[in-house]
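Grab a pencil and keep the viewer open. Here are some exercises, each with its solution worked through.

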Amino acid sequence: MVKTDIIIIGAGPVGLFTVFEAGLLKLRCHLIDSLPQPGGQCSEIYPKKPIYDIPGFPEILAGELIDNLMRQAAPFKPGFTLGEAAFSIEKTEENAFIVTTVKGTQHSAPIIIIAGGLGVFEPRKPPIENIEQYEDRGVEYIIKDPSMYQGKQCVLAGGGDSALDWSIYLVENAIASKVTLVHRSASFRGHLDSVQKVIDLSEQGRLELITEAEVTGLKGTGALEKVLINHQKLGEIHREADHFIPLFGLKPSLGPMANWGLALEKGAIKVNTLDYSTNVPGIYAVGDVNTYENKLKLILCGFHEGTMAVQSAFARIYPEKKNVLKYTTVNGIQGFA
Ligand SMILES: Cc1cc2nc3c(=O)[nH]c(=O)nc-3n(C[C@H](O)[C@H](O)[C@H](O)COP(=O)(O)OP(=O)(O)OC[C@H]3O[C@@H](n4cnc5c(N)ncnc54)[C@H](O)[C@@H]3O)c2cc1C
């Protein structure tokens with residue numbers, strides 16, 4: 001049994017910064033995440049994309065932000081249970097919570113802070129019969145490291161910003177040897193600038209744009225070699241491809257969090273904005289996972305929410321102690337031994 005002051009479910013940017021703020025109050029944290037690495041959406045979906053609205057960083061790659069947050073939390077020695085989704089929460093007679101993961105690892109603490117983001121998120125997969133057979137053999141649903149497409153023939157599919165932006169990126173940075181973008185309609189959902197850019201690149205012969213068409217089949221011995229495309233006017237055509245990257249978005253789902261007796265609204269956990277507490281005393285929810293009036297799903301808002309939640313957690317754990325706000329410039333960082 002892992003014992004700590006605060007169990008944080010979700011090791012995304014908000015969970016990681018919450019460790020730092022808890023540490024300033026001398027509260028120890030243990031994080032649980034279903035993914036094998038910390039960083040949440042920043043590491044899993046867009047590690048190489050620059051973020052421009054983190055205070056004090058005019059521009060920072062999402063992956064670098066996570067490295068920095070890990071460094072900032074390090075003096076407070078957080079524990080990690082990675083690659084295991086938190087599955088159940090029980091309350092003990094001693095007023096502690098026990099969080100058990102899908103693999104049976106148990107954690108106990110008087111406070112739980114849920115920083116579960118979008119929950120367990122799964123890519124929307126196109127209905128192609130044998131697609132699973134080619135996963136990690138040429139089919140990817142998320143672009144994590146564009147350098148893996150260097151010199152490769154890539155077929156992307158989708159009509160939103162992800163499909164448009166990545167097609168442009170792979171062409172303009174001379175990464176893929178050939179980029180084909182397939183979209184089932186003649187109009188796109190993405191930003192007009194990106195749509196125009198894709199049309200320009202197609203007219204310049206630097207990108208092949210196939211609209212009113214869908215990828216319907218995949219072929220290859222072992223790894224992917226070819227995609228079959230059903231075109232509304234031309235019928236079945238095919239393209240050689242080392243990679244097929246359908247970017248149809250992610251399906252967020254609260255997963256196990258939906259069964260923890262918490263008040264929910266539109267797939268998110270309702271909180272009191274006084275301290276980001278849920279309807280269950282001792283359980284807080286911060287970051288993308290919570291909802292309240294005027295909620296903004298931004299990293300900087302999550303940082304504030306985590307800060308407020310740990311102040312309230314301190315008062316619950318030590319009702320007799322008075323917590324006086326101390327500036328880090330005055331007190332420095334008193335890490336844990
Ligand atoms: C492409 C893209 C670009 C973005 N750009 C910006 C931007 O420029 N600026 C900005 O502020 N925001 C941006 N965002 C949004 C930002 O990434 C989110 O607001 C932020 O990641 C929320 O952080 P979080 O820690 O609350 O949740 P997440 O980052 O979603 O992390 C939550 C973690 O909880 C884990 N989890 C969920 N359920 C469980 C469970 N039951 N057990 C264990 N672990 C669980 C998940 O695996 C995940 O790792 C962007 C998002 C995307 C997708």
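This is a predicted model: local features need pLDDT of at least 70, side-chain atom pairs count only at pLDDT 80 or more; totals for chains, interfaces and linings use all residues.

Residues are numbered from 1 along each chain as its sequence is written.

**Exercise 1.** Work out how α1 and α3 are oriented and which residues meet.

*Step 1.* Find helix α1 at residues 13-24 and helix α3 at residues 62-73. Helices are DSSP runs (H or I, at least four residues), strands are runs of E with at least two, and both are numbered from the N terminus.

*Step 2.* Take the geometry: the two pack at an angle of about 25°, with axes 8 Å apart. Axes here are lines fitted to C-alpha atoms, for helices over the stretch in contact, and angles run from 0 to 180 degrees between N-to-C directions.

*Step 3.* That angle makes α1 roughly parallel to α3. The cut-offs: under 35 degrees is roughly parallel, over 145 roughly antiparallel, 65 to 115 roughly perpendicular, and the rest oblique.

*Step 4.* From α1, Pro-13, Leu-16, Phe-17, Val-19 and Phe-20 meet Leu-65, Ile-66, Leu-69, Met-70, Gln-72 and Ala-73 of α3. In contact means C-beta atoms, placed from the backbone, within 7 Å.

*Step 5.* Sort those residues of the α1 and α3 contact: ten nonpolar, one polar and no charged. For sorting, Ala, Val, Leu, Ile, Met, Phe, Trp, Tyr, Cys and Pro are nonpolar, Asp, Glu, Lys and Arg are charged, and the others, Gly among them, are polar.

**Exercise 2.** Is Leu-65 buried or exposed, and which residues is it in contact with?

*Step 1.* Leu-65 sits in helix α3.

*Step 2.* Count around it: 22 other C-beta atoms lie within 10 Å, so Leu-65 is buried. Buried takes 20 or more such atoms, exposed 12 or fewer, and partly exposed is in between, with C-beta atoms placed from the backbone.

*Step 3.* Skip its neighbours within four places in sequence, and Leu-65 is in contact with Pro-13, Cys-42, Ile-51, Ile-54 and Ile-60.

**Exercise 3.** Check the span of α4, then see what its buried residues pack against.

*Step 1.* Helix α4 (residues 161-172) has twelve residues, and at 1.5 Å a residue it should span 16 Å. The expected span is 1.5 Å times one less than the number of residues.

*Step 2.* Its end C-alpha atoms are 16 Å apart, which agrees.

*Step 3.* Among the buried residues of α4 are Leu-164, Trp-166, Ile-168 and Val-171. The buried residues of α4 pack against β12 (153-157), β13 (178-183) and α5 (192-203).

*Step 4.* Now the α4 and α5 pair: their axes come within 9 Å and cross at roughly 45°. The two helices are therefore oblique to each other.

*Step 5.* In that contact, α4 brings Asp-161, Leu-164, Asp-165, Ser-167, Ile-168 and Val-171, while α5 brings Ser-194, Val-195, Lys-197, Val-198 and Leu-201. The α4 and α5 contact splits into six nonpolar, two polar and three charged residues.

**Exercise 4.** Where do Tyr-276 and Asn-294 lie, and is each buried or exposed?

*Step 1.* Tyr-276 is in the loop between β21 (268-270) and β22 (283-285), with a positive phi near 65°.

*Step 2.* With 27 other C-beta atoms within 10 Å, Tyr-276 is buried.

*Step 3.* Asn-294 is in the loop between β23 (290-291) and α6 (299-317), and has a positive phi of about 70° although it is not a glycine.

*Step 4.* Asn-294 has 6 other C-beta atoms within 10 Å, so it is exposed.

Technical notes: Two residues are in contact if their C-beta atoms, placed from the backbone, lie within 7 Å.
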